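Good morning, and thank you for coming.

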2 protein chains.
Amino acid sequence: MELSTNGLEKNNRVRIEDGFWGRFTELVRETVIPYQWEALNDRIPDAEPSYAIRNFRIAAGWEQGEFGGMVFQDSDVAKWLEAVGYSLAAHPDPELERTADEVIELVAAAQHPNGYLNTYFTVKEPGNEWTNLHEAHELYCAGHMIEAAVAYYEATGKRRLLDVVCKFADHIDTVFGREPGKLRGYDGHQEIELALVKLYKATGEQRYLQLAQFFIDERGAEPNFLVEECKQRDGYSHWAKKKLPIPKVEHMAYNQAHKPVREQDVAVGHSVRAMYMYTAMADLARLTKDDGLLEACRRLWDNTTKRQMYITGGIGSTHHGEAFSFDYDLPNDTVYAETCASIGLIFFANRMLQLEAKSEYADVLERALYNNVIGSMSQDGKHYFYVNPLEVWPKASEKNPGRHHVKAVRQKWFGCSCCPPNVARLLSSLNDYIYTASAEQNKIYTHLFIGSEASFELAAGQVALKQQSRLPWEGYVRLELSAVPGAPFSLALRLPSWSCGNAIMKINGAATAYEIIDGYATVNRQWKQGDVVEWEPQLEAQLIAANPEIRANAGKAAIERGPIVYCLEETDNFSPLASLSIRGGSKLTSSFDPDLPGGAVVIEAEGRADERGSWQADIPYRPLSQLQKAEPVKLKAVPYFLWGNRQPGEMAVWIRTCSE
Amino acid sequence: MELSTNGLEKNNRVRIEDGFWGRFTELVRETVIPYQWEALNDRIPDAEPSYAIRNFRIAAGWEQGEFGGMVFQDSDVAKWLEAVGYSLAAHPDPELERTADEVIELVAAAQHPNGYLNTYFTVKEPGNEWTNLHEAHELYCAGHMIEAAVAYYEATGKRRLLDVVCKFADHIDTVFGREPGKLRGYDGHQEIELALVKLYKATGEQRYLQLAQFFIDERGAEPNFLVEECKQRDGYSHWAKKKLPIPKVEHMAYNQAHKPVREQDVAVGHSVRAMYMYTAMADLARLTKDDGLLEACRRLWDNTTKRQMYITGGIGSTHHGEAFSFDYDLPNDTVYAETCASIGLIFFANRMLQLEAKSEYADVLERALYNNVIGSMSQDGKHYFYVNPLEVWPKASEKNPGRHHVKAVRQKWFGCSCCPPNVARLLSSLNDYIYTASAEQNKIYTHLFIGSEASFELAAGQVALKQQSRLPWEGYVRLELSAVPGAPFSLALRLPSWSCGNAIMKINGAATAYEIIDGYATVNRQWKQGDVVEWEPQLEAQLIAANPEIRANAGKAAIERGPIVYCLEETDNFSPLASLSIRGGSKLTSSFDPDLPGGAVVIEAEGRADERGSWQADIPYRPLSQLQKAEPVKLKAVPYFLWGNRQPGEMAVWIRTCSE
């Protein structure tokens, strides 16, 4: 296996300093991480207990008791530790670090002498390890603990947890493989694959990379491991607590194990599983220069983002299995668009950018981040949407069972929950998503416009820069080079899709021509210390139409302004929102509203309200000819990510258009 | 209890002779009834066995074996016998009658000496009779057998089955009641109530009416019988086959037993159960002159038909529990609109018409009949929709689990199925829905315009008439009086809602003024034998708008022409149908198309097709400003009841409107 050494991540450092994002990262540091710590310890008074820390204490023999929570409960501790790692890297906090060190000792104490680590099987089903990969998330939990260990090691330099997970990974390597006596299998929930890549990068140990590749290569091969394993259990199901009929290979589409990954070209099944797998595939395609895998990644990217993605960057059209449905099926009201799935999409986009710097990956990354992901969290950091709808009628959420999964208000964060800690770990590692650099090509890509200080080691030498950004409210970015090498290098700034190709670059105040390469405005020159690059992508509110194949949005438009998708809320307009339409040629007026949480640009537009006065409540249908002319109204739209932070009510992203 | 004796049904005879309806009643007689007989006997080669006849043979001791099918399987035999009864009344058939007589002997042989009759409990759970009214449908099955017996008795004069069900009803009367030692309960699935009213009317036995009233009065009273019964079973559930938590009173809304029926004002829960109950309530309100019950019926009618009914006469907005959701929640794509529920609505409307002749009841009856109900059956009589959607995207039905219940093609009729035999018994008794007569008021109401010969006994004497109708394709009806009494009487012809109040009446060729009373054009005079009344309600295609509270139809219109609702099908237009819109002021051109099954009027309209050519498959979203002008297209709409009889494809009732 030939390994790529394009050195994208080595010795590069990025630290965020940004007005818009500062609020979110501070919220994560000051509220989310401490609150989750209380939750993991079952100390949130009126929330379901998590049991997660307690499970480790029981597994470690420090406490007596029964296992509590889900079979994958360990992963909540891991995700918390991972978020702590990122947070400490950006913002040292000795007390938090001491707490984390104690948790790490606890985790280490729960590890078996052979390296095995999983509190569910240790406490509840000893002897049944590795007998239900399909349902029991053992490798999934292992993967999250590996990610935590790498993050914590990179933040603190402490090897304790890294050693624990290396020992665990070494054990896994003795259990899984093609050699006789080993399991030729993989997890029902992908995660270990991308984690092993991180472990390889942190340790340089190629076996971890090879193990990741083994899991990816075996997935979907014949005979189907998950089906055969189920036969071994005689159909016994962990979730159903009884024997079920043996599933068919096609049922494994839910786990993306219905066919070899290289033959997959449509995003199917559970969308978080899919994203984690695609992320690992992209990692492996880059590190092993596997063009077949790269082609599969491109196909799956295209299908996911061009046929199965909401305008908010949400993916997963159905709550049945939290899954993809099929091309262009993007219902706004029965949507799933799970927060974790968009986070997985961001991981995938990030890895594709490392593979090949094309701006479309960053466009999607930005779309998911600024809309679906941050919209999932309330402005107090303690309430979350798991489902991120594009259309809400609160009464339907309450009274129509097909829409019960769509909550009209963010829910309190319960102990056992996947999305909030995922948001925490993403937002506290956001610095990893802003830039990539190619040392050999002497090129630094800026994908996201987020205020930050960064340094990169290129072949030409060390570069340090400071980015200041007025995004998302204004299209103005300023980069100042504080250290430059003696040889030329390239700066490549993303030309965002929302700029419609219009952006001005100034270097030291003078407008400068640039070359567009794969969507990046690129300038190669001998830079001087103190050089200032200003970058002004056109940022104007615009109405967006959806592909006619997306039936749910026919005759409708959405409002976007820069990376931000807008929505109508009942509180600014009225009910029913469906009776409103927007003039196709309407002027969109932007103004900053400091009263919205954090302050935000709101948009006003000319609309029409269907005539309602002449309808009596008890006339369901009548001739259209009786309808009076629609009345002109002023529509007010707010950023989607802020919806549901004021009075509960209806919400809609897609608005009917009218022509007059 | 004072009984009303307004003599609506006594000695009145109606026989259908109609071009449009003849096709359907012939289909029922020649295809549906024989096919169902084969199904009941497990002789349909590739269908699931019904077991229904076999269950009776085992219960009768004529055969050894296990019970098969659902706990309510007996009702399929009963509904078949009921349909046979109606069919024999209209169309004698000695061979069919002989078969039915044999079945009746079988049913009689399965009856216990004490009168009890239910093959499930006889074969599978002897000793557990009347211990699970909530789930086990014992009184429901009894009700259907009673309806069958009355229909068969009225058709043939044979008392054999009537005696069986009287004995059963007498037994039920010893089990249920307020006296000590009796069960103060009622069935989880209403049906016995309306059946006992029929039995009372057939036999004159008041105890049956009182028993019906007992069931209605007890329903929802405190303490809640169904909840208490569940406690007695320690929570054991027939369907779950295990103990479940004891339900709360509010969960009994599914069975309309969450509060006393007189306090109910919103249609909730399983929609078929609701309709059967409301039907019995209206029966009792009339027969016992119970104004409180009448008021409840009016409230429930208003809520059902004015806030929770689709334009096709479908009811039930969610497949979860085949149930109502809430006011104005009428999604077209995730709809339920079960065939049986619309049939129940027709029963309810029919009873309300007997209570008070207001045309709004007949308007709804006609709407449900000409659209949701007959649309459920394929033109070969062997394929059925249980769910009758207003919008279909076949791929979504297949691939989005939230729409799996919405089938894009009619399904083969399996042995165990409620809707097909319900359609059969309704269509074969359609003659009962055309007229009502008030003997005391000397008044004959014509609710439906269906060709028929009818005779009525009024206080003034005997009336015989012949109706000829060109409905639903032309607004022309002709009534000829072939026998008249010596004293005046009134003819009251419904002024249909779709005529917009415009209708011409001619008597013997001369335009005649009429009085409109509660929506009926009424003429009281001394009629002569041979008098001809011509009735020409305006029948023009028109665009219909929905109340703005019905969010699913915002900005859309449906096409109606007379009683027929129209739809667009992909085969006549193109995919995606959502890209089409109809001009609000479009001329609607009607023409008769003999090539459609049975021949039908189709409608052409001016529409617009959103520009699609400039969209590439892989551009999901782009600025609205790039959109080109919509192209003019000719839209073709066909009657909703005929959809899905040609090539499978998309279908839509509600079409976006455009203004230019």
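Which strand of chain B do three bridges join to S18(A), and do the two run parallel or antiparallel? The partner is strand S24 (residues 621-623) of chain B, and the two strands run antiparallel. Strands here are DSSP runs of type E of at least two residues, helices are H or I runs of at least four, and both are numbered from the N terminus; two strands pair if DSSP finds at least two bridges between them. Within this pairing, Ile544(A) has Pro623(B) as its bridge partner.

A word on conventions. This is a predicted model, in which local features need pLDDT of at least 70 and side-chain atom pairs count only at pLDDT 80 or more, while totals for chains, interfaces and linings use all residues. Residues are numbered from 1 along each chain as its sequence is written, chains are lettered from A and ligands numbered from 1 in the order in which they are written, and side-chain values use heavy atoms, with hydrogens and water left out.

Turning to the whole interface, chain A and chain B each give 61 residues to the contact, meaning heavy atoms within 4.5 Å. About 4,900 Å² is buried between them, 63% of it on carbon and sulfur atoms; this is the accessible area (1.4 Å probe) lost on being put together, summed over both parts.

Four salt bridges are counted between the chains, each a side-chain nitrogen of Lys or Arg within 4 Å of a carboxyl oxygen of Asp or Glu. One joins Arg307(A) to Asp618(B), at 2.9 Å from N to O.

Technical notes. Buried area = accessible area lost by both parts, 1.4 Å probe.
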